[in-house]
Every structure is written in C-alpha cells, then in structure tokens.
Amino acid sequence: MRVPLSWLREYVDLPAGTTARDLASRLTLAGLEVETVDELGADLTGPIVYGRVLEIEELTGFKKPIRYCKVDVGQANGTGEPQNIVCGARNFSEGDLVVVSLPGAELPGGFRIGSRKTYGKMSEGMICSASELGLWDDHSGIIVLPEGFGEVGEDAIGPLGLREDVLDIAVTPDRGYALSIRGVARDTAALYGTAFRDPADVEVAAPAGEGHPAETDPELCGRYVLRGATGFDPDAPSPLWMKRRLHQCGVRSVSLAVDVTNYVMLELGQPLHAWDRTALQGALSVRAAAPGEKLETLDHVQRSLDPDDIVIADDSGPVNIAGVMGGATTEISLTTTEVLVEAAHFDAMHIARASRRHQLSSESSRRFERGVDSAVQLAAATRAVELLAELGGASVEPGYTHVVHPAERTEIVVEESHAGSVAGVDYPEGTARTWLEAIGCEVEAEGTALRVTPPTWRPDLTDPNDLAEEVIRFEGYENIPSIRPRASGRGLTAGQRLRRAVGRALAAAGHNEVLSYPFVGERDLDGLQLAAGDARRNSLRLANPLRDEEPLLRTTLLPGLFKALARNVGRGFSDVSLFETGLVYRPRPGGGRAPLLPVDRGPSAEELARIDAALPEQPRHVAAVLAGGFERAGWWGPGREATWADAVQAAREVALTAGVELEVEADAHAPWHPGRCAALYARVDGERVLVGHAGELHPRTVKAFGLPERSAAMEVDLDRIERARTPATAPEVSTYPVATQDVALVVDASVPVGEISAALAEGAGELLESVRLFDVYTGDQVGEGRKSVAFTLRFRAGDRTLTAEEAGAARDAAVAAAAERTGASMRA
Amino acid sequence: MSAPNNSFDPVEVTPLHPDEVARMREEALAAVEAARDLAELKEVRLAHASDRSPLALANREIGALPPAAKAEAGKRVGGARRDVGQALKERQAVLEAERDERVLVEERVDVTLPWDRAPRGARHPLTTVAERMADVFVGMGFEIAEGPEVEAEWFNFDALNFQPDHPARTMQDTFFVEGPDGGDSGMVLRTHTSPVQIRALVSRELPVYVVAPGKTFRTDELDATHSPVFHQLEGLVVDKGITMAHLRGAIDAFVETFFGEGLRTRFRASYFPFTEPSAEVDMQCFVCRGASVGDPEAPCRTCSSEGWIEIGGCGVVNPRVLTAAGVDPQVYSGWAFGLGIERTLMFAHGVRDMHDMVEGDIRFTSAFGSEN
C-alpha cells in the first residue's frame with residue numbers, strides 16, 4: 001500500500017516537524033512495515049510558475065511541427081516581459097493556463113532548465129508536461145490547467161503537489177484494514193496520540209425510493225449496496241489532484257468514473273465496481289456460479305466459472321466475478337452516462353479461492369481476501385457517486401439498494417492484565433483499554449476482565465492474543481525486556497552426536513561436504529543404470545517442480561554428488577572427493593494420502609500413525625564420490641589415484657565412527673562396476689543388515705554424468721549404522737608378550753580375501769589378537785588362476801606368556817579352517 | 001715384569017716411582033685433552049687406559065713390592081688410573097655432544113617444503129554454522145528436535161493455524177508432492193521448520209525447550225539471495241508462565257554469540273499464523289552499529305545504512321496451535337522463533353552469494369575447515 005503523506009494528513013494531525021522517516025520508523029515498529037519512503041520531487045527546484053500563453057508562432061521546416069510561444073509569467077522572470085519558449089507539444093491554445101519552468105529550475109531526474117537556442121530561436125524555459133513534472137505518465141502533451149487554478153507568475157510547486165513523500169507499506173495478511181489511507185491514518189493517530197478524522201464519516205440520507213433491484217445470498221455476501229449516478233459527463237476529466245494521487249499510489253488513471261472508484265477504494269479500503277447501467281438487463285443477483293457458466297472478463301479472457309465462484313448476474317447471466325474482476329460487456333465505457341456503483345462485502349475465503357482459481361490477483365481481490373470493513377459499503381458508494389456528481393456533473397439518485405445480513409460481532413473476554421503477561425511487562429492499569437479503544441474497539445470492564453467488541457474493520461481480531469498484540473505494539477515491542485531462559489535438557493542424542501562425528505571424520509579423511517538439491521529426473525535414474533524394478537526408481541513426484549526435467553525427489557544421494565563433482569572438474573579441480581549427509585525419500589507401498597486432522601484438539605496416536613504411514617520413509621544417508629588423485633604426487637614421490645578401495649574405506653570410516661565393523665561382500669549393484677562393487681553389512685541385534693554399497697562406478701554411469709574415468713563412490717544408510725551401534729565394552733589389556741606368526745596361503749584367485757581372513761580368525765580361536773593381510777601375489781610362482789595371500793597373525797594370552805608350541809598350534813588351527821572353507825593351502 | 005723386590009724399596013721398581021706415576025698420569029691426561037674427535041679419543045683410550053697402557057702395566061708391578069709398600073703404591077697408581085678414566089669419560093661426553101651437534105646440523109631439511117600429499121577435506125559451513133547456532137541453545141539447556149522434510153500438510157500448515165484458503169498459505173510458495181494417482185497427496189516439502197514445533201509437542205513431555213535446525217523448501221529460483229532449498233533454525237519453548245521477555249533473551253544470546261557482545265536487538269510487530277503476537281527480529285548492524293544511518297559519507301554495505309539487519313521471525317505460540325497439538329493453552333504458553341541459517345552464515349562469514357553455498361565448489365568449502 002502506497003501512502004502519500006499529504007493524503008494521510010487529511011485525516012490525522014501529525015505533530016509539527018514529523019518527517020516521513022520518523023513516521024516510517026514508527027509505523028514499521030508497530031507492524032506496518034514501510035519498505036521505502038519515496039521522496040518525490042525532493043530534487044526539484046524552482047522557479048516553476050503558472051504562465052499564460054499569449055501568442056503561438058508555428059515554426060515549419062523541421063521534422064515535426066514546432067511552436068514558438070510568448071508566455072506571460074508575471075514578475076516571476078524579474079522583468080514582467082513575456083518569456084519566449086519553444087515547445088513541441090500541440091495540445092494547447094493561446095490564452096491557456098500552463099506550467100512554466102524558468103531558467104535555473106531543476107526538474108525530477110536532474111533535468112536542468114536553461115536558456116538555449118533551439119530550432120533557430122532562443123528558448124527561455126519550458127512549458128511542462130505531467131511526466132516532466134513527475135506528476136504522472138502522460139506523453140500526450142503539456143498540462144493545460146483549468147481556468148482559475150492559479151495566478152500567472154505564482155509558484156506552482158506547492159499547489160501542484162510536486163513534492164510529496166510516499167510511504168510504501170508491505171501489509172501483512174492479517175492487516176487488511178491497512179490497505180487504505182483510512183486504516184493507516186487510524187494507526188498513525190494512535191501512535192502519535194493525535195485526533196483521527198474518519199473519511200468514512202459520510203453523511204448518508206435515507207433512501208428516497210428504490211435503487212437498482214438486487215438480491216443476495218447471505219452466505220456469500222453480508223452487505224450489498226448499489227447507488228446510481230445519472231447524467232454523468234463521460235468527457236469530464238479527472239482532476240489533477242486525483243490523477244496525481246492515483247499515480248503516487250501506483251494506480252493508472254483511466255477515466256473519471258474509473259478513477260473515482262479506485263480513489264475511494266484507496267481512501268476507504270472498500271473495492272468498488274461501476275457498471276454502465278444501460279448495459280445491465282434487469283435485477284442483479286449475488287449468487288454462486290452455476291456449473292458451465294462462462295464470462296468474458298475486462299481483460300478479454302473467456303473464463304469458465306466454478307460453482308465456488310461468487311458471481312453478480314443479471315437476466316443475461318453472470319456480469320462479474322464478484323470481488324475479482326468485472327465482465328467485458330457491462331463495463332464503464334468512454335460514452336457511459338448512467339453509472340451504477342456497487343459496494344459489497346463478499347465472503348473473504350470465496351474471493352481468495354476464486355482469485356487463485358482464475359489466477360487473477362487484483363487490487364479488489366487482495367483487499368477482500370484480507371478482510372474489508374463489513375459496514376463501510378454505504379459510505380463508500382455514497383462517497384463515489386458524490387464525487388461523480390461533483391466532478392462529472394452527474395446527479396446522485398436519491399434511491400439506493402442496501403441489502404444487509406448483519407454479521408455477528410463476537411465479543412472477546414480478556415483479562416486486563418493479559419497483554420502484560422504475554423509481553424512480560426507490567427503495564428499500568430487502563431493501558432489495554434486505551435489502545436483497544438484507539439483502534440476502534442468497544443471496551444467494557446467486568447471485574448478484572450474486559451469485554452471487547454472489535455470494530456467492523458478488524459475481522460482479524462478474534463482471540464485474546466490478537467488484542468494483546470495490539471496493546472503491545474502500541475506500547476512498543478522495543479520495550480520488551482530481555483531475560484535469558486534456562487532449561488534442563490540432556491544435550492545431544494547419540495544419533496545427533498554421531499552425525500557430527502561422521503562429518504568430522506570424513507572431512508579429516510580428505511572428503512569435502514556438499515549440500516545438493518534433492519531434485520532429480522528420470523535421466524538421472526537412467527544414468528545410474530537402475531533396472532526397471534529397482535527400488536530407487538520408486539520416487540515421489542512434485543506437482544510443481546521448478547524444472548520439468550527434475551520433477552522427482554531423490555532416493556539416493558549419488559546424482560547430486562555426481563553433478564557437484566562434474567562441476568568441480570569443469571572448474572579445473574579433478575582431484576576431488578565429495579560427501580553429503582542428507583535424507584532420501586522412499587515412498588512406502590500403499591502410502592496413500594496424508595489425512596488432514598482436526599485442529600480443535602490434539603491428534604490421537606492412531607491419527608498420527610495414519611499420517612506417518614502416508615509419509616515416505618526418509619532415512620538419512622551418507623554418500624561420497626571420489627575422483628582423480630586421492631594422494632597427490634609431489635617432491636616425496638608419486639601420488640595415488642582414488643580407487644574402489646578408498647570408497648569402501650570411506651564407508652568403513654563412517655561405520656567405525658559409530659564403532660561398527662562393516663562386513664564386506666562382492667556384489668553387482670548399480671551404479672557400481674559389477675566387478676568392483678562391495679555390499680556392506682552390519683549387525684543389528686545379531687542380524688546381518690545391508691547398510692550400503694561402495695566401489696568403482698560403472699563406466700556407463702561415469703559417462704552419463706560426465707565424471708572422470710574410474711571415479712569411485714559409496715553410499716550407506718546412516719540410520720542403519722546408528723542402529724548397529726552397540727555400547728563399547730572395555731577389552732582386557734594383556735601385558736604378556738605377543739607371539740607373531742606369518743602365514744602365506746595359496747587359493748583360487750576368485751576367493752575373496754574377506755572370507756579367508758574370516759576363516760583364519762575363526763579357526764585361530766581365543767588366543768588371536770588380530771589378523772592382518774600384508775601381501776597379495778599373483779604370478780608364475782603360484783600358477784594360473786591362483787593367488788598367494790599373506791597374513792600376520794598376532795597371538796597373546798591374558799594370563800601367561802605363550803609358548804612357541806601354543807602359538808604354532810593356534811596358527812595351524814587357523815590355516816586348517818581357511819583350508820576347509822576356502823581350499824587354501826600353505827604356500828610352499 | 002721386574003724380579004721380586006727383596007730390598008723392599010719401591011723406588012727400585014722404576015714404574016712405581018711416584019714421579020714416574022705422576023708423569024704417566026700427566027701424559028695420559030694431556031693426550032685425552034688433545035683428542036679432537038671420538039676416533040682420536042679411542043686411540044687415547046687404547047694407549048692410556050687399556051690393559052696394555054703404562055699405568056696398567058705399572059699396576060701389575062705392585063705385586064713385586066714388599067707388602068709394606070704395596071698399599072701406598074696401589075693407592076698412587078689407582079688414583080692416577082681413576083683420574084685418567086674420569087677425564088676420558090668427560091672428554092667422551094664433550095666429543096659426543098659435538099658430534100651430535102654436527103650430525104643434526106648436517107641432517108637439516110627444508111621445513112617449508114609443502115606436504116599436501118593427502119589434503120584434508122572440509123565440512124560445509126552451513127552444517128557447522130547450524131551446529132553452532134543450535135549449540136547456543138543447547139548450552140541454555142535446550143534439546144535438538146527433528147522432523148521429516150517431506151511433511152504432511154497438516155503439520156506444515158493446518159496445525160500451525162494456516163487456514164485452508166488464507167493468503168498466508170499461498171504466500172509460502174510451496175512444493176506440493178503429487179499423490180500416487182496424480183492427485184493430492186496431502187504432503188509437501190516443508191516450507192519451514194515450524195512443523196517440528198507440532199512434532200515436538202505431540203511427542204515430548206512438557207515443558208518443551210527445543211531447537212530444530214533443518215532443511216526447508218520453497219519454489220524460489222536460485223539467485224544471489226534465494227535458493228529453493230535453504231535452512232532454518234526453529235526454536236520452541238512451551239512452559240508455564242512464559243513471556244516474550246524470555247524470547248528476546250534467547251535471541252539476544254544467539255546474536256551476542258555470533259555477532260558480538262552488546263549488540264542490540266529489536267522486535268517489530270508482524271504476522272505469522274502460528275504466533276500471536278508476532279514479531280520480526282532485527283539486530284543492530286554488527287559492522288557500523290548504526291553509525292552509517294543518515295551519514296552518506298560513511299555508507300555501510302552490510303546493512304545498506306539502515307542500521308539494522310533482519311535476522312528472523314518470532315512470536316508467542318498462537319494458542320490455537322497449542323490446541324491443535326493437544327496442549328491446554330489455559331495452562332501453558334510458549335514462544336517460537338525461526339532464524340535463517342544461510343543468512344547467519346552470510347553475515348557471520350561474509351558469504352556474498354547463495355550460489356557459493358549450493359554449488360559444492362571445494363574452494364568454498366575448504367576455506368571453512370571442519371569446525372567453523
């Protein structure tokens with residue numbers, strides 16, 4: 001809402017010396033956020049005076065006709081002689097009263113006026129147009145003022161209102177009343193403690209005779225006023241002050257009749273509609289649209305109406321979508337002489353829905369959906385027809401239509417001290433009453449409580465806390481004290497600590513965290529080489545995605561990481577390892593629709609369960625992608641490329657942070673290289689649970705996402721790892737010496753080391769402290785299709801020094817187990 | 001070896017003559033002192049302290065002395081040998097120290113050589129800033145609450161007092177999730193962290209003191225100051241006797257922790273469906289502290305010379321929200337706030353463009369390390 005200060009001052013007396021910035025700051029603190037203060041004409045300097053055109057000499061021989069004028073500017077030029085001014089406009093005649101800027105003046109935008117030679121003549125100033133003066137946009141010529149507007153030679157800056165401060169207020173959805181000069185003036189008066197003159201105090205005589213016939217549906221329209229103005233002069237121009245204010249408020253001037261409806265709307269907050277009465281056929285009715293009804297609106301769009309739309313209909317059918325937009329055939333035209341003005345109070349929710357349905361947000365619908373005064377309609381319509389009479393020569397019809405279905409005005413009973421206990425401030429007695437009355441409430445005391453009836457223009461005031469906000473904002477939000485709260489929480493949960501620790505561990509291991517968007521497309525899933533039935537293809541779809549090619553929600557973190565990797569590579573960083581921790585979204589089978597529960601009571605456990613059953617599973621995953629050198633080459637020697645093994649290690653890093661050992665098994669799982677893919681398992685309550693995969697990426701995936709060759713990745717379900725976590729128990733730390741035994745085994749090349757080492761560990765028994773692979777060899781010495789794997793076994797007892805025989809026996813048992821399970825034999 | 005000394009005259013056994021012993025001692029000590037390195041000292045040791053050294057040989061002659069003279073001669077030779085041993089030991093220590101000194105100098109390396117063999121990674125600054133923000137409140141005894149990102153509309157809107165057709169609901173620029181049949185799913189990507197308020201209230205014992213950092217979603221195109229995915233820190237307190245003064249105290253704690261002691265905050269009346277009264281929170285500009293207001297000579301880029309920086313919204317939990325969450329508003333009251341994590345990062349660390357936070361460029365992340 002744009003508020004010119006001079007307009008505001010018509011209804012409230014601001015203390016002397018109050019600047020627009022003072023006012024802006026006070027309104028902002030009180031909840032009417034002033035986004036900008038436009039100081040129109042602040043850079044403008046005189047002399048700008050009234051002048052009378054004495055003579056016009058038409059100059060020819062130029063590309064366009066030019067006039068050389070003698071203009072009387074009285075004594076304003078210091079000589080009393082007429083000014084000679086060259087002018088390109090043609091919309092004026094000798095004897096017209098015009099606005100002249102004399103040499104030395106500066107117009108808006110830093111446009112300096114001087115004497116200069118042009119079109120072969122000396123031009124000593126300029127005859128101004130509305131655009132040049134910053135009044136409104138008009139390129140049809142200069143301003144010709146009505147006779148009597150001012151005296152020749154007098155200063156025109158003040159009377160024309162060339163300097164004006166305009167506040168631009170961002171009105172919150174609850175404060176519909178502030179979409180009017182009236183509403184802002186009322187709050188301003190309360191803030192400054194000065195008198196408020198209500199522009200809606202319009203004297204309205206009782207109707208003398210019938211108005212235009214109308215009937216209304218009380219559910220849709222609580223108050224309906226029709227007033228006629230007859231004999232209107234369609235050629236009557238809008239007065240300068242009206243055009244100027246409309247322009248300052250951001251409304252385009254159209255014609256006097258339309259301008260009047262807009263002006264009254266800005267002033268009172270009541271949207272008005274004006275018809276050409278002769279285009280209407282018979283009585284009007286305010287009703288719901290019938291199925292299949294259509295209407296061509298003012299913007300010449302044919303619209304199908306919804307039975308939820310409120311329409312105004314005459315005998316021919318709908319003529320308006322109520323509160324949203326009028327119809328094309330009944331609108332005021334440039335020849336209209338019979339004007340019918342409508343002021344109505346339509347149901348806010350209907351207007352809000354209609355506005356969205358038809359994607360029509362108008363000045364009218366914005367006000368209706370935020371709530372307009374339910375009692376101002378007659379005053380508004382009367383103000384409008386009186387302006388049509390005053391400015392357009394019309395006669396106000398004495399009869400009018402006023403259909404009222406009185407709205408119930410609900411009383412709010414609230415403790416006098418309520419606002420203070422909400423704010424944490426001890427307000428003096430009477431504070432609440434003072435402010436509530438200032439905004440128009442009727443207040444009655446009842447013991448320690450107040451019975452408060454909010455005014456008709458404040459439909460937002462329904463609850464005790466609404467009233468508290470009014471009191472506190474006028475007392476000053478800035479005066480609320482600051483007291484530090486104290487709670488007795490138990491710190492982070494184990495899961496929250498784990499997530500932080502995982503992030504730190506991965507960062508310390510050389511991975512960089514990214515936070516990518518969760519939006520993916522079919523193309524990404526194809527790029528991952530997911531089979532048709534892969535669970536990760538079962539994804540949620542957005543009804544309104546930002547990009548049509550990414551309508552799905554991620555079921556895996558990998559596509560986002562791949563894109564971030566490609567971006568880094570594209571920027572010249574090819575040795576990169578990235579990780580991300582975040583939720584993925586996996587629809588539950590038969591998820592269905594999440595129910596809307598009631599809000600007048602808390603939900604039951606069963607209702608909450610129904611909601612949660614509809615929501616997708618949203619496990620927290622951790623994933624990483626590695627490319628290029630994981631260790632760099634340098635003066636110390638060669639570097640080392642990231643491989644599948646680093647990806648597996650990154651997953652282990654995550655699990656080990658939680659104290660969980662992963663079991664690794666070969667797998668063929670997209671998007672990994674089928675020969676270089678590890679399935680990762682953990683034990684949850686004794687059960688083996690798949691927690692993720694790691695390895696080198698499939699070459700087709702690498703190609704699809706434009707990644708460096710041999711990029712590797714891992715993705716694990718952090719929630720499952722968290723569940724696999726068991727409290728650590730302290731080991732017995734033996735101080736007896738260790739007995740170390742190395743064994744070299746020859747096995748078939750296809751036997752995974754993981755299996756051999758598991759077999760060794762199991763066979764070695766309780767004396768085993770650790771088993772560690774230290775070499776893998778393939779080649780002539782072991783033969784085709786075979787490999788040699790070498791392990792160090794460390795044995796130790798808690799109560800004695802092991803003998804060579806004991807250690808040897810344990811080693812032999814380990815080797816026997818490996819032989820039995822994996823066909824391993826001791827290397828010769 | 002000399003023949004038995006029957007005359008009992010020690011002087012007759014030349015090597016044991018006091019002068020001779022003194023000479024051998026002096027000679028040995030001089031040789032020790034003259035040794036310039038450990039190798040020479042080794043030679044000296046062989047010459048003057050070994051079994052074949054003059055003093056050792058002289059010592060053997062003691063047996064040839066008459067018993068009465070043995071003690072005195074033994075004392076003399078023993079003393080000389082001890083002195084020589086001691087001198088050797090001392091010289092050894094000196095020469096070893098000299099050698100060590102020299103070797104260590106020779107082993108000098110260029111410690112400015114780079115060692116970026118395995119570069120460290122980094123955590124995303126939004127993650128760490130979110131943790132630090134949460135920890136301000138954890139330090140006051142709050143716990144961290146959580147909720148899903150794909151959320152039921154009821155949690156995201158209805159329970160938070162967004163009326164079905166109220167403009168506030170459409171102002172949120174919501175991502176709607178499509179139902180299985182292409183229809184309405186009743187689910188959205190949460191537009192704010194406020195649904196966690198309801199989740200906390202329906203799942204926790206009262207009183208509730210929680211913060212909820214998390215991801216939120218709105219249909220804004222990515223530009224320098226907007227992102228369709230962003231992060232908020234929600235705060236919620238529901239207890240008996242709670243006022244806006246505690247709310248202000250909590251927010252002040254955050255501001256002071258992140259931006260400096262003594263910075264003022266101010267509340268401005270505003271509107272959110274789930275709080276009443278509602279307020280926007282500004283903090284005093286931490287760069288100019290308001291000095292740039294009305295001073296065109298010293299404009300402030302951080303606050304655009306406004307003197308204040310908007311950091312979030314807050315208010316008293318609307319009693320209708322308590323009702324919808326099954327909490328009796330006659331008994332309990334509370335407040336809630338929402339702070340922007342991106343905004344905090346931008347101001348606290350001078351991040352100028354939202355793109356930097358979403359693109360995953362390692363140059364950006366690396367600058368923050370893992371605990372910033």
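Reader: Into which domains is chain A divided?

Author: This is a predicted model, in which local features need pLDDT of at least 70, side-chain atom pairs count only at pLDDT 80 or more, and totals for chains, interfaces and linings use all residues. Residues are numbered from 1 along each chain as its sequence is written, and chains are lettered from A and ligands numbered from 1 in the order in which they are written. Domain bounds come from an automatic or database domain assignment. For chain A they give domain 1 (9–38 + 169–192), domain 2 (48–162), domain 3 (214–404), domain 4 (412–478), domain 5 (494–596 + 607–724) and domain 6 (739–826).

Reader: Which feature does UniProt place at residues 407–482 of chain A?

Author: UniProt positions are given here in the numbering used for the model, feature names are shortened, and annotations may be inferred rather than shown by experiment. Over residues 407–482 the chain is 34% helix and 18% strand, with the end C-alpha atoms 42 Å apart. The unreviewed UniProt entry names this stretch "domain: B5".

Reader: Which helix gives the largest share of the side of chain A that touches chain B?

Author: Two residues are in contact if their C-beta atoms, placed from the backbone, lie within 7 Å. The contact takes 95 residues from chain A and 85 residues from chain B. Helices (H or I, at least four residues) and strands (E, at least two) are DSSP runs, numbered from the N terminus. The largest share on the chain A side, 7 residues, comes from helix α14 (residues 494–508) of chain A.

Reader: How are α5(B) and α9(B) oriented to each other?

Author: Axes are lines fitted to C-alpha atoms, for helices over the stretch in contact, and angles run from 0 to 180 degrees between N-to-C directions. The axes of helix α5 (residues 125–138) and helix α9 (residues 244–259) of chain B come within 10 Å and cross at roughly 130 degrees. Because of this angle, α5(B) is classed against α9(B) as oblique (under 35 degrees is roughly parallel, over 145 roughly antiparallel, 65 to 115 roughly perpendicular and the rest oblique).

Reader: Which residues of α9(B) make the contact with α5(B)?

Author: From α5(B), the contact uses Met133(B), Val136(B) and Phe137(B). From α9(B), the residues are Ala250(B), Ala253(B), Phe254(B) and Thr257(B).
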